[in-house]
Each structure stands twice: as C-alpha cells, then as structure tokens.
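Please walk me through this structure in plain terms.

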Amino acid sequence: MHFPKAALFDLDGTLADSAHDLLAAANAMRVARGRAPMLLSEFRPCVSRGARAMLQVAFPDLSETQREAWIPELLDQYQRQIGRHEGVFEGIEAMLGALEAAGTVWGIVTNKPEYLARELLPHLGWHTRSAVLIGGDTLPVRKPDPLPLMVAADRLGLAVADCVYVGDDRRDIVAARAAGMRSVVALWGYRLAVDDPVNWGGDVMIERPADLVDPMRWPQP
C-alpha cells in the first residue's frame, strides 16, 4: 500500500478552515445594510458551495439577480479578511508532511478565484509547497467539470490515474469521477444537512485529515 504519486485537494472545507473569514466578509455586508450578523453555525454549511450559496444564506430575501450583482462586493470583503481568522483543519499539516516525506507531490484545485487562493497560501505557509494551483477562473470551466483536475495532472507531468482528488463537496467527487481520477470524500468539511456523501460515488470516505497519514487509507490503483 502506498501514497499516490500526486494528491490534489479542494481548498475551502478540505485543506483550509475558511468559514470564519468568509463569515466576517458576509457579516460586513449585512451590517452595512442594517442587518444583524449571522452566527457561524448558520453560515458554515454553505461555504464549500461558493459565493452564490453564501449570499443566498446571508440575504435569502433578495432575488437571485440582486445577489449575483453583489458577488464582487463579497469577494472584496473576503480579500480584506484573508488570513485574519483562517486556519487549517486539525491533522492537515501532519497529512501534508507525510505526503511530502513519501515523495508525493500535492496541489490545489479549487473553485475559489485564483487570485484569492494565491493570496491565501502564504498565510498558511503553502505558497512554496503546493506544486500546482488551479482556481475557479483559471480555465473557462470549473468543477464539477473535470477539466481543472485534468489540467492540474498535466501541469504536474502525470497521468490522471496517478492522482487522487480530495474534496468535501459533491462537485469535487463528480469532477474526479468524470476525469477518471480516484477520489476521497473529506467528511470533516462543510456540508448541508441534506447532503448524503454516500451517494456521491467517491472511492473512500475519510472522517479526519489525520487518517490520511496512513497510506492504507488512500484509494489504491
């Protein structure tokens, strides 16, 4: 049993516990409009679903068109908050260290805009460690389209079959399956109560990042 040649990860909800920074951004918008701040428990489950989902939770009474127009403001507010509250999930650093010690390269494929992901990585100490970064606007399409995963593998000089993708959202697993890439469902991430990861079709489901220190827990070829 061995680690894959390359491990690719979603960012928010998989590697980075970014809900606090994103909540601060959404609450800044709410307070500016005379609304009370939201609690983390209200906001956290939607974080992996992107800006539109976060705005839907923050402003449920607005039309989809109005919320769409506020996406740039949310991203701007988030950029001001990056690194203030953000951290990594317990066990992530041990997992990344085990991969690196075994000679496995790792990288990030996220739907977060690339410029925001690149700004975040130095705060987490990963800007020189992540071998590839594909953001939600790096290519014409984003997850659940498989292309971002396929391009990440290509930039690493590896076949898709040599890589494993780890993510906490259904779109992550759908993208991996469509790309022909093995996948890990990160159960420690952000999920709505209605989500059922069992039905996503991942190769394995893992409860804690620390479990992935063991190569036997990774899906094998």
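Helix 3 buries Ala51, Ala53, Met54, Leu55 and Ala58. Here buried means under 20% relative accessible area, exposed means over 50%, and partly exposed lies in between, with a 1.4 Å probe and protein chains only. Helices (H or I, at least four residues) and strands (E, at least two) are DSSP runs, numbered from the N terminus. An α-helix has 3.6 residues a turn, so residues three or four places apart point the same way. The cover over the buried residues of helix 3 includes helix 1, helix 2 (40-43), helix 4 (64-69) and helix 5.

The model is a predicted one, in which local features need pLDDT of at least 70 and side-chain atom pairs count only at pLDDT 80 or more, while totals for chains, interfaces and linings use all residues. Residues are numbered from 1 along each chain as its sequence is written, and side-chain values use heavy atoms, with hydrogens and water left out.

Helix 5 contains Ile71. Ile71 counts as buried because its relative accessibility is 11%. Contact means heavy atoms within 4.5 Å. Leaving aside neighbours within four places in sequence, Ile71 is in contact with Ala51, Arg52 and Leu55. Ile71 and Gln220 are 149 residues apart in sequence, and their C-alpha atoms are 40 Å apart in space.

Glu73 also lies in helix 5. With 26% relative accessibility, Glu73 counts as partly exposed. Not counting residues up to four places away in sequence, Glu73 touches Met29 and Arg33. From Glu73 to Gly201 is 128 residues along the chain, with 35 Å between the C-alpha atoms.

Next comes the interior. A nonpolar core is a set of buried Ala, Val, Leu, Ile, Met, Phe, Trp, Tyr and Cys residues joined through side-chain atoms within 4.5 Å. The largest nonpolar core has 52 residues, and those with the most contacts inside it are Phe9, Leu15, Phe43, Met95, Leu96, Trp126 and Trp218. Helix 1 (residues 19-32) gives the most to this core, with 6 residues. Apart from this core lies another, of 18 residues, among them Leu8, Ile134, Leu139 and Ala153. Leu96 touches Phe9, Leu15, Trp106, Trp126 and Arg129, again not counting residues up to four places away in sequence.

Where is open space left? Rolling a probe the size of a water molecule over the atoms shows where empty space is left. On a 1 Å grid over the protein atoms alone, a pocket is an open set of points where a 1.4 Å probe fits, with protein on both sides within 12 Å along at least five of seven lines; lining residues have an atom within 4 Å of a point. The largest pocket holds about 450 Å³ of space, a volume filled by probe spheres set on the points, which are joined across faces, edges and corners. Its lining has 26 residues, of which Gly50, Ala51, Asn111, Lys112 and Arg142 lie nearest the centre. Two or more lining residues come from each of helix 3 (51-58), helix 5 (71-81) and helix 9 (170-179). Helix 5 gives the largest share, 4 residues.

Cys46 counts as buried because its relative accessibility is 4%, and Cys163 counts as buried at 0%. With a disulfide taken as a pair of cysteine sulfur atoms within 2.5 Å, the count is 0 disulfides.
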